[in-house]
Amino acid sequence: MRYIGIDIGGANTKVASSDGEIKELLYIPLWKDTTLPSALKELAERLDPDGLAVVMTGELADCFADKDEGISFIMDAVNNAFDCEIKYVNNSGHFQDSTLKTRDLAAANWAASARLIGKEVGDCIFVDVGSTTSDIIPIKNSKHVAGYTDFSRLLRSELVYAGTLRTNLAALLRTVELKEGTCRVSSELFATTADAYMLLGDIDSELFTCETADGAGKDRINCMRRLARVVCADLAEISEEDILMIARDVKEKQISLLCEAISAVTEKNRLDTIVSAGLGEFMIEEAAMRLGLDCFSTSDKWGAEISKVFPAYAAAKLLEEENMR
C-alpha cells in the first residue's frame, strides 16, 4: 500500500510517502499561480496512491477573500485530482471528515508534525523553520499544547513569521553594520533571506526554490546585487565584505528572534529539549546551543530530505498507522 502526504502551502506544496521514498517540493505560489489543480492531477497520475493525507496552510493566501474560501479551493482541487482514500488533518493533529469544510483544517500542517513527534520522541519543543515561517510547538504527554490558529500562535510566540528563503530582509532589519558605520535599510522588497543564506553557504542553489526579488538569477553575483540594494547601493558602491556583513546581520537577527520565541515557549511550558526540522535546521541548532537546550534533529532520524518536507511525511505516516490498526 502506498500512502502519500501533501502539505499545500501558500508558496510551496510538499509531498512525501510514508516509506520515505518520495519527497518532493513544488513551488506553486497560490496568490498568482493557477496551476495547483493541474499539478495535483499530475501527482495523482504519477504517484497513484492508495491513501492520501492532506495538510494545508495556503488558505491564508491573499487571493482568497477569507480562510473559508481558501480551504474550499484547496479541498476541491485535491478531491477532484485524487481517486483514493483522502483524509484531512485538523489543528489537533487528527483526521477529520473531509465533507466538513471547517476552519479546523486551516494552517494545520504543524499539528501533523507535532503528533508524530509526540509519538516518536515525547515531550519537547518541536521547531520547524521552513521557507517562510518558523513553528515553535510545545508537546507534552505526546500531544501539542500550542494555540490552534496562526493568530493564537503568533500571540503565544509559537509562530515567528520569518523563514529560510522568502522573508523580506526589510522585515528583519532596521539597520546594518558596515565598514563605514551603522546604515539604515530600505523598506523595499529588494532581497530575501535566501540571498543571505546562499552567500553564507547555509543553502545551495537546489534549496533556493523560490523566485528572486528582482526575477534575476540565483548565483552569487545576483545575490550580492540584491543585498546591495537593501542599503540603496550597487556593486560599484560597496564591497563584497560589506555585503557579507549584511548577510551575517540577517542571520544574527533571525537567530536572535528564534531564541526569543523558543525561550518564551520553553519557560512557559517547562520543556528543555528541542526537536528541529526544516530548511533552517542550522538556525535551530545555533539557537538551542545559545539557550543551553538539548537539540534532536529530524534529519538524523529520518534524513535531511524528509526533514525539509516533514509535515507531508508526518501526515502520510499517521495515515499509514491508522490504516494498519
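Residues are numbered from 1 along each chain as its sequence is written, and side-chain values use heavy atoms, with hydrogens and water left out. In this predicted model, local features need pLDDT of at least 70 and side-chain atom pairs count only at pLDDT 80 or more, while totals for chains, interfaces and linings use all residues.

The interior is the starting point. In soluble globular proteins, nonpolar side chains tend to be buried together. Here the largest nonpolar core has 51 residues; such a core is a set of buried Ala, Val, Leu, Ile, Met, Phe, Trp, Tyr and Cys residues joined through side-chain atoms within 4.5 Å. Buried denotes under 20% relative accessible area, exposed over 50%, and partly exposed the range in between (1.4 Å probe, protein chains only). The residues with the most contacts inside this core are V127, I136, I203, L227, L258, I262 and I274. Among the elements that give two or more residues to this core are strand 7 (124-129), strand 11 (175-178), helix 5 (169-172), helix 7 (220-230) and helix 9 (281-291). Helices (H or I, at least four residues) and strands (E, at least two) are DSSP runs, numbered from the N terminus. Helix 8 gives the most to this core, with 11 residues.

Leaving aside its neighbours within four places in sequence, L227 is in contact (heavy atoms within 4.5 Å) with L169, A191, D195, A196, L199, I243, I246 and A247. A second, separate core of 30 residues includes I6, V15, A61 and A106.

Why is helix 6 largely enclosed by the rest of the structure? The reason is that 7 of the 8 residues of helix 6 are buried, namely T193, A194, D195, A196, Y197, M198 and L199. The elements that cover these buried residues include helix 5, helix 7, helix 8 and helix 9. Just after helix 6, G201 takes a positive phi of about 80°.

The cysteines may be considered next. A search of the whole structure finds 0 disulfides, a disulfide being a pair of cysteine sulfur atoms within 2.5 Å. For C223, the closest cysteine sulfur is that of C210, at 10.0 Å, which is too far for a bond. C223 is buried, with a relative accessible area of 0%. The sulfur of C259 is likewise too far for a bond, with the closest cysteine sulfur, in C295, at 11 Å; C259 is buried at 10% relative accessible area.

Most residues other than glycine have a negative phi, and most peptide bonds are trans. C232, in the loop between helix 7 and helix 8, has a positive phi of about 55° although it is not a glycine. This residue counts as exposed, at 57% relative accessibility. R270, in the loop between helix 8 and strand 13 (273-277), also has a positive phi, near 55°, and R270 is exposed at 78% relative accessible area.

On the surface, L60, L154 and Y161 form a nonpolar patch with about 300 Å² of accessible area together. Patches are made of residues with over 30% relative accessible area and no salt bridge, with like charges joined within 9 Å and nonpolar side chains (Val, Leu, Ile, Met, Phe, Trp, Tyr) within 5 Å. Accessible areas come from the Shrake-Rupley method with a 1.4 Å probe, and for residues only the protein chains shown count as cover. Y161 lies in the loop between strand 10 (159-160) and helix 5 and is partly exposed, at 47% relative accessibility.

Finally, the structure holds 21 salt bridges, each a side-chain nitrogen of Lys or Arg within 4 Å of a carboxyl oxygen of Asp or Glu. R103 and D68 meet in one at 3.3 Å, N to O. This pair links distant parts of the chain, 35 residues apart: R103 in the loop between strand 6 and helix 3, and D68 in helix 2 (residues 67-81). E321 pairs with K119, the closest N and O atoms being 3.4 Å apart. E321 lies in helix 12 (residues 310-323) and K119 in helix 3, so this pair ties together parts that are 202 residues apart in sequence.
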